[in-house]
Amino acid sequence: MFKYFLLSVIVFLNLCSIQATAAVDSIVHFNGKDIKNIGKYLSLYEEGSNKVSLQDVIAHPELFKKCLTDVPNLGIVKNPHWLKFEVINNTDEEHVIVDLSHPNIGNVKFYSIINSKIDSVSYSIGNDYAEREIPHQFYLFELRLQKGEKATCYLMLQSETQVIVPLTIHSPAGLFSFLQQEDILSAIYIGLMLSLVLYNAFLYVATGEKHYLSYVNYIFWVFFAQMAVQGLFERIFNVHSEWISARILAFSGAMSGIGAIIFVKSFLHTSVEAKGFNKLLNVFLLGYFFAIVLLIIGYITPAYRIVNLVAGGGAAIVLIFAFELSRRKYSQTKFFLFAWCIFLISVLVFVLKDYGVLPNNVFTARSVQIGSVIEALLLSFALADKINTYRKEMLELQVRELAISQENEKLIREQNVILEKKVLERTEELQESNKSLSLTLDNLKDAQAQLVESEKMASLGQLTAGVAHEINNPINFVTSNVNPLRRDVGILWEIIDEIELIALNDKLNTAEKQSMIKSIKDNNDLDYLKSEIDFLLKGIQEGAERTAEIVRSLRIFSRIDEDTLKRADLNECMDSTLVILNSMTKERIEVVKNYYNIPMVECYAGKLNQVFMNILSNAIYAVEKKFNGNPGGEIKIETKLNDDLSKVIISISDNGTGIPKEVVGRIFEPFFTTKDVGEGTGLGMSIAYKTIERHNGKISLNSVEGKGTNFDIELPVRQ
């Protein structure tokens, strides 16, 4: 029904638009009393694409058409419009003032011809009001006419927003009275709107209710828009910027529309109650924002049209939805609906006044201001009613919750008696269960201790076997050289004794002595004896040095039980572990080491040695299982620093059997092992994981079955 009403209004407005007929000159006879809205005395002419001057329009009076409305509505006049009228002063007053009460026209030029003398004045928005003949936001033009004199007046108007032409003829006293009345009404409006804005802002601060904030935002921008319509913004804030003044009307309209949509969304809960309508409101919001963008980049007229179009469509949609919501269930929306209707009626009255359907008087000229004040008051009442409704619902909810709480309390007391009996019975059962659990726990602790001890013994056995094997070779080398060395030394001593006897024999001359000594050396092959002794001593020395190296590695590795943080060289730790495991690799498995120059790491060195040993043992096992003692097995070890030099990364990879995909995630579980029965306890990798975790590090693995496994250990340099 409402849409048919809007359609009728639009058709009616079109029928009431400006009509023009053949030019009929009319003269305004000023008799001392103000003559308001002299539109029917005007003749109108719209400039085409060719620019015309005052002389052109004077020379061609046939261009003008008679205006039939009291207040012409020229629309948006991007092409200049000319208005012509004549005034005869029938009073003794020498000053007659022409008032154009529309402060938002972009450019206004006023020409007056009195006794063939042409006078002109030009104003535009954004200029300082003090520079005008009469400093006011309205365009005021003074005619100096003697009694009986006639003035022919021309107005040239051009603007990028809608132009309404409320022209009035005043005496100086009448003008003062008129402007005083306008200022008083504006002051009353400003006072009322500021009071509502400040009062509801205080309510928002006091209650924290977000509806008040959206309401204050909306009312402020409505108030701001009306200030722009009346030209009060430039006057109060002394703004002298053509850029701002040309855009302030459309901008304030867009912001008041945005404020209205935000308030409607908040007050009517559109995001919950009507999601489709909420999306439609978002479309209108985008329209307003698009208009603001156009304003900023200089497309003022399209922006103004978009603001008017979106405002009209949005107002109608909100009204229809409010009717529907009020009919359904929300009583507080009746206040909102009534307030919205009042405001729309005031806008309709203002528009009908512009189209000449209603008379242009104080009420119709100020209808939007009156409507906005009434709307603000009613919306304030609507908010108060909404808040009271919420509080009432909350109070009822609290009463219901209290009743439910009391009922629950009664039930709890009754249940407590039953529960106490059951608790006593259950306590006795739990005590018996606790005894059984305590015994089971003790057994589990014993089993855990035995398993850990078993893992330690396995590691110790592996360590002992490796050390025994490694030390056995150099020791055998030493012991096998001792007997030959003892024999050679014995021969050497015998030679020395024989030479000594020859040397002490005085019966022999020197030549005979030398001949006998040479014979002894030749018989015992002394040169060979010397080289053999050197070779045996060198072998003993190498065996001793190798044994010392193994002992040093064993000393480095054997810090397992140290429980204090120390700085250690992880490259050295890795080498000591490889020495222990050397007997397991030998020449069957190639060990490739790629050590970077890494800093000393703060750690429990012995614990890390055990981690390295567990991972390397598993790698050796996987390689042996795949290659079965044949060449081709390989283990790669790499140490390096991460990008920010705060962590050391140790990578250990092999080309062994790999780990099946389905069990990769269980590798670090206690007691889980991929080895055959009897070949592992399943605790090695679990202990390794906890050790790395204790160092605030990370251990991860990547394995492909049949291709090999890679472990990455990341340790912080400092704990």
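Q: How many bridges pair strand β7 with β10, and in which sense?
A: This is a predicted model. In it, β7 (residues 95-100) and β10 are joined over 6 bridges, in the antiparallel sense. One of the pairs is V98 with F141, which sits in β10.

Q: What sheet do they belong to, and in what strand order?
A: An open sheet of 3 strands, ordered β10-β7-β13, with antiparallel pairing.

Q: Which strands stand at the edges?
A: β10 (139-144) and β13 (167-170). Each has a single partner strand, so one side of each has no neighbour in the sheet. From one strand to the next, the twist averages 20 degrees.

Q: What is I169 in contact with, leaving aside neighbours within four places in sequence?
A: Its contacts are V28, F30, D34, I35, I38, F85, V87, V96, I97 and V98.

Q: Which residues touch the most other members of the largest nonpolar core?
A: F85, L157, L167, I169 and F336, out of 100 residues in that core. Helix α6 (residues 242-267) gives the largest share of this core, 12 residues. Another core lies apart from it, with 40 residues, including A568, I589, I598 and I659.

Q: Switching topic. Where does UniProt place the feature "transmembrane region"?
A: The unreviewed UniProt entry puts it at residues 184-205, 212-233, 245-268, 280-300, 306-323, 335-352 and 364-384.

Q: How far apart are the end C-alpha atoms of residues 184-205?
A: They lie 31 Å apart, and that span is 100% helix and 0% strand. For residues 212-233, the end C-alpha atoms are 25 Å apart, with 91% helix and 0% strand.

Q: Which residue in β20 is the bridge partner of D654?
A: T709. For N702, the partner in β20 is N710.

Q: What does G706 do in the hairpin of β19 and β20?
A: G706 takes a positive phi near 90 degrees, and the hairpin has 3 residues between its strands.

Q: Last one, T691: buried or exposed?
A: T691 is buried, because its relative accessible area is 9% and the cut-off for buried is under 20%. T691 is found in helix α18 (residues 684-694). Leaving aside neighbours within four places in sequence, T691 is in contact with K607, L608 and V611.

Terms used. Residues are numbered from 1 along each chain as its sequence is written. This is a predicted model: local features need pLDDT of at least 70, side-chain atom pairs count only at pLDDT 80 or more; totals for chains, interfaces and linings use all residues. Side-chain values use heavy atoms; hydrogens and water are left out. A nonpolar core is a set of buried Ala, Val, Leu, Ile, Met, Phe, Trp, Tyr and Cys residues joined through side-chain atoms within 4.5 Å. Buried means under 20% relative accessible area, exposed over 50%, partly exposed in between (1.4 Å probe, protein chains only). Helices (H or I, at least four residues) and strands (E, at least two) are DSSP runs, numbered from the N terminus. Contact means heavy atoms within 4.5 Å. UniProt positions are given in the numbering used here, feature names are shortened, and annotations may be inferred rather than shown by experiment. Two strands pair if DSSP finds at least two bridges between them. Axes are lines fitted to C-alpha atoms, for helices over the stretch in contact, and angles run from 0 to 180 degrees between N-to-C directions.
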